[in-house]
Amino acid sequence: MLAKREIWKYSDHGKVWAGKYRNSHNLLHWHPDCELICLERGGIDVFCNGKSYTLAVGQALFIDSEQVHYMHATQSDTVLVVLIFDYNVIRFFAERFTLACPMLKKDYPIAQTYRKLRTVFTEKPPFYSAEACCEIENLMIEIFRGEALTAKEKKYDKATISFKQLLEEINLHFRDITFEDAASFMSMSPSYFSRYFRKTAGVTFSRQLNFVRTDEAVRMLQSNPDLSVTEISDACGFGTIRNFNRIFKELTGFAPRDLPADYVLSERFSYPSDRAFDPTLYDCELIESSTAKSE
């Protein structure tokens, strides 16, 4: 659940990507693009814009540009239809409004639009990129007409910018940063910061920090087998061996020296947010794609 900024690359398909994921499970992240997901099979939980949602088969959810989110499948063989598109495709009507609730209340032809896009991307008729944008635009107009709307808040408000910067600070200074440091960085009182962080990230500050430290510990154990557990604990900022062993076992299921060589922390990330990354986790499989990818 470690938040990073994703940069989406659309390859030769203009401003639209369509695909399906099996057992989708990704990191807390955000991107300037919009994302529309629809559950085809199984079950999935989604955290978006400060709230958690559970989708049933056939239900859909719209993630607006810049909204912090993550998701994880709750059943085996879960299949998720995903449409990702440039915000500019819907800017003319989405600039002032967004959905009051990301989870859609009514049924829309998302599956039909997905099949149409797959056909368009496969056959590539003249002006197919423009056609793909029109398909998305028409679908989103129908959704915006059918769902309750709310005025869009200022996109780059100070608190949002500071929060995303704070996530980078945690990544860079995880060994020494404290709760008090983070609250001061956000110019908030400790009590208000605690509530704000949990609402915005979906986890507490201490759990977020523990994820970052444990992720680093996993990589150090795998790449530096000669280091002692004490050295790794100190390098990652755990304070005491007892604290390190407790948190490491809680998050990984293993004692540090029993960690499998190929283990991957399920909430893992590697790069600061000014570099591109793929938020999709190792246990998530892309089963259909229009060939675009995050870079």
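Here, buried means under 20% relative accessible area, exposed means over 50%, and partly exposed falls in between (1.4 Å probe, protein chains only). This is a predicted model, where local features need pLDDT of at least 70, side-chain atom pairs count only at pLDDT 80 or more, and totals for chains, interfaces and linings use all residues. Residues are numbered from 1 along each chain as its sequence is written, and side-chain values use heavy atoms, with hydrogens and water left out.

**The chain overall**

- There are 9 helices and 14 strands in the chain; these are DSSP runs numbered from the N terminus, with helices being H or I of at least four residues and strands E of at least two.
- Of the 295 residues in the chain, 49% are buried.
- Take the contacts (heavy atoms within 4.5 Å) with a separation of 6 or more: 76% of them come from residues 24 or more positions apart.

**The five-stranded sheet**

- An open sheet of 5 strands runs in the order β8-β5-β10-β3-β13, with antiparallel pairing; two strands pair if DSSP finds at least two bridges between them.
- At the edges sit β8 (60–63) and β13 (285–289), each pairing on one side only.
- From one strand to the next, the twist averages 25°.
- Strand β5 (residues 34–41) is joined to β8 by 4 bridges, and the two run antiparallel; Ile37 stands opposite Leu61 in β8.

**Helices on the sheet**

- Helix α2 (residues 110–123) packs on the sheet and touches β3 (16–22), β5, β8, β10 (79–85) and β13.
- The direction of α2 makes about 115° with that of β3; axes are lines fitted to C-alpha atoms, for helices over the stretch in contact, and angles run from 0 to 180 degrees between N-to-C directions.
- Helix α3 lies across β3, β5, β8 and β10, at about 105° to β10.

**A closer look at α3**

- Helix α3 (residues 128–146) has 19 residues and reaches 27 Å from its first C-alpha to its last, close to the 27 Å expected at 1.5 Å a residue; that expected span is 1.5 Å times one less than the number of residues.
- Tyr128, Ser129, Ala132, Cys133, Ile136, Leu139, Met140, Ile143 and Phe144 are buried in α3.
- Those residues cover an arc of only 155° around the axis, so they are on the same side of α3; the arc is that of the directions from the helix axis to the C-beta atoms.

**Cysteines**

- The structure holds 0 disulfides, a disulfide being a pair of cysteine sulfur atoms within 2.5 Å.
- For the sulfur of Cys133, the closest cysteine sulfur is in Cys134, 7.0 Å away and too far for a bond.
- Cys133 counts as buried at 19% relative accessibility, while Cys134 counts as partly exposed at 41%.
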